[in-house]
Amino acid sequence: MNPFTFYNPTELIFGKGQLEKLNEKIDQLGKRILLVYGGGSIKRSGLYDKLQAIFEKKACHVRELAGVEPNPRLSTVKKGISLIRENELDWILAVGGGSVIDCSKAIAGGALYDGDVWDFYERKAKVEKALPLGTVLTLAATGSEMNKGSVITNWETQQKHGASMTFPAFSILDPENTFTVPRNQTVYGISDTLSHVFEQYFSHTTEIPLQTGFAETIMKTVIENARKVLQNLEDYDARANLMLSSTFALNGLLAAGVETDWATHSIEHAVSAVYDIPHGGGLAIIFPNWMKYVYKENIPRFKRFAVEVWGVDPEGKTDEETALAGIDAVRAFFNEIGAPSRLADYNIGDDKLGVLAEKALPFGPIGNFRKLGKEDVREILRMSL
């Protein structure tokens with residue numbers, strides 16, 4: 001295990017009916033609020049009206065930034081920064097999934113920064129201070145509600161980069177707020193959650209039984225409850241388990257003392273920066289192919305993954321055969337839940353593989369499980385066609 005420092009200041013408020021806790025958060029943080037949300041699903045679900053009732057009760061001054069994109073754009077971030085400054089707002093309430101929260105983190109950091117907020121994403125600056133941020137989660141997927149990561153797309157340059165921005169001060173997680181998430185978005189959230197665990201589980205760091213056990217339990221919990229929720233999108237317990245799994249998949253626990261990878265996310269970011277595809281869909285396509293490309297770097301780890309997570313019987317198989325059976329199980333599961341399996345599912349061909357490979361490596365080689373260069377990325381993309 002490697003040396004590490006663990007720090008996570010986000011207050012997690014979990015369970016049915018917890019939106020009422022927003023009243024006390026307004027008392028603590030102030031009444032001048034930027035409300036950030038996406039395409040309007042919070043209005044259709046009734047959540048927007050509940051928020052408005054709380055705002056009216058507390059006599060809040062609220063400005064809204066609506067329409068945050070599934071791959072949130074720099075232009076939208078800049079609109080939010082302008083709203084903060086023009087209205088002298090106290091804090092930000094992000095209501096939605098990871099895209100809304102990532103956008104809000106960028107606004108929180110950019111509002112108190114004199115330069116261009118894109119500097120943070122190009123690694124030219126680090127966030128020194130940020131506006132307070134709270135979240136009401138409506139989609140189990142990214143874990144952004146309990147970490148400081150933010151991924152933003154610069155559509156003008158077709159770049160999609162991540163940066164370390166700011167932790168939410170609090171996050172309200174009521175599984176009932178995910179009941180109206182449609183089937184396809186639920187599937188993308190499931191593949192996103194699993195992919196976050198994959199990025200931290202496939203590591204050469206040794207003597208990490210606790211982190212390994214955490215990761216395997218999260219993966220098995222997601223697999224089991226994915227099957228339940230896709231039978232009944234309003235299964236409270238299944239939604240609750242998926243929600244908590246996605247949060248704990250990326251709140252720092254799995255990475256404590258572990259050398260993590262993140263190459264597959266870099267590859268998918270390049271694809272969605274150019275083609276604007278759903279992040280979870282892209283990961284479901286690319287991850288099994290990354291696995292096939294790198295598994296020989298640590299066959300025992302992939303064997304354990306196959307046996308412990310997917311229940312592959314190693315009897316009569318070589319270690320390599322068991323490892324490959326586990327990778328096949330990943331693809332079979334994604335197929336079972338209806339996730340895309342090929343870039344062709346999004347009408348993506350081979351004409352821009354070189355461009356995508358270049359965009360996946362903006363800061364040099366990617367990954368730690370195996371260092372990947374441009375030709376490696378091109379081959380994984382070719383395998384994903």
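Patches are made of residues with over 30% relative accessible area and no salt bridge, like charges being joined within 9 Å and nonpolar side chains (Val, Leu, Ile, Met, Phe, Trp, Tyr) within 5 Å. In this predicted model, local features need pLDDT of at least 70 and side-chain atom pairs count only at pLDDT 80 or more, while totals for chains, interfaces and linings use all residues. Residues are numbered from 1 along each chain as its sequence is written, and side-chain values use heavy atoms, with hydrogens and water left out.

**Surface patch**

M1, F4 and F6 make a nonpolar surface patch of about 320 Å²; accessible areas come from the Shrake-Rupley method with a 1.4 Å probe, and for residues only the protein chains shown count as cover. M1 belongs to the segment before β1 (11–14). Helices (H or I, at least four residues) and strands (E, at least two) are DSSP runs, numbered from the N terminus.

**Paired strands**

Strands are taken to pair if DSSP finds at least two bridges between them. β1 and β8 run parallel and are joined by four bridges, with L12 opposite S171 in β8. β8 also pairs with β5 in the parallel sense, over four bridges; here L137 stands opposite L173. β5 is in turn joined to the parallel strand β4 by five bridges, and L93 has G134 in β5 as its bridge partner.

Burial is assigned by relative accessible area: buried is under 20%, exposed is over 50%, and partly exposed lies in between (1.4 Å probe, protein chains only). Because five of the five residues of β5 are buried, this strand is largely enclosed by the rest of the structure. L133, T135 and L137 lie on one side of β5, and G134 and V136 on the other. Strand β8 (residues 170–173) is likewise covered on both faces, with F170 and I172 buried on one side and S171 and L173 on the other.

**Helix α3**

The buried residues of α3 (residues 47–57) include L47, Y48, L51, Q52, I54 and F55. They are on the same side of α3 because they cover an arc of only 160° around the axis, the arc being that of the directions from the helix axis to the C-beta atoms. D49, E56 and K57 are exposed on the other side. Among the elements covering the buried residues are β4 (91–96) and β5 (133–137). A59, which follows α3, has a positive phi near 55°.

**Position of G281**

G281 is in helix α11 (residues 279–294) and counts as buried, at 0% relative accessibility. Beyond its neighbours within four places in sequence, G281 is in contact (heavy atoms within 4.5 Å) with Y188, S191, P340 and Y346.

**Salt bridges**

A salt bridge is a side-chain nitrogen of Lys or Arg within 4 Å of a carboxyl oxygen of Asp or Glu. The count by this rule is 15; the table lists some of them.

| Pair | N to O distance |
|---|---|
| E122 and K124 | 3.1 Å |
| K160 and E268 | 3.7 Å |
| K374 and E358 | 2.8 Å |

K374 lies in helix α15 (residues 374–384) and E358 in helix α14 (residues 353–359), so this pair ties together parts that are 16 residues apart in sequence. K374 is partly exposed at 33%, and E358 is partly exposed at 47%. K160 forms its salt bridge with E268, and this pair links strand β7 (residues 159–164) to helix α10 (residues 263–275), 108 residues apart. K160 is buried at 9% relative accessibility, and E268 is buried at 0%. In the remaining listed pair, E122 is partly exposed at 25%, whereas K124 is exposed at 60%.
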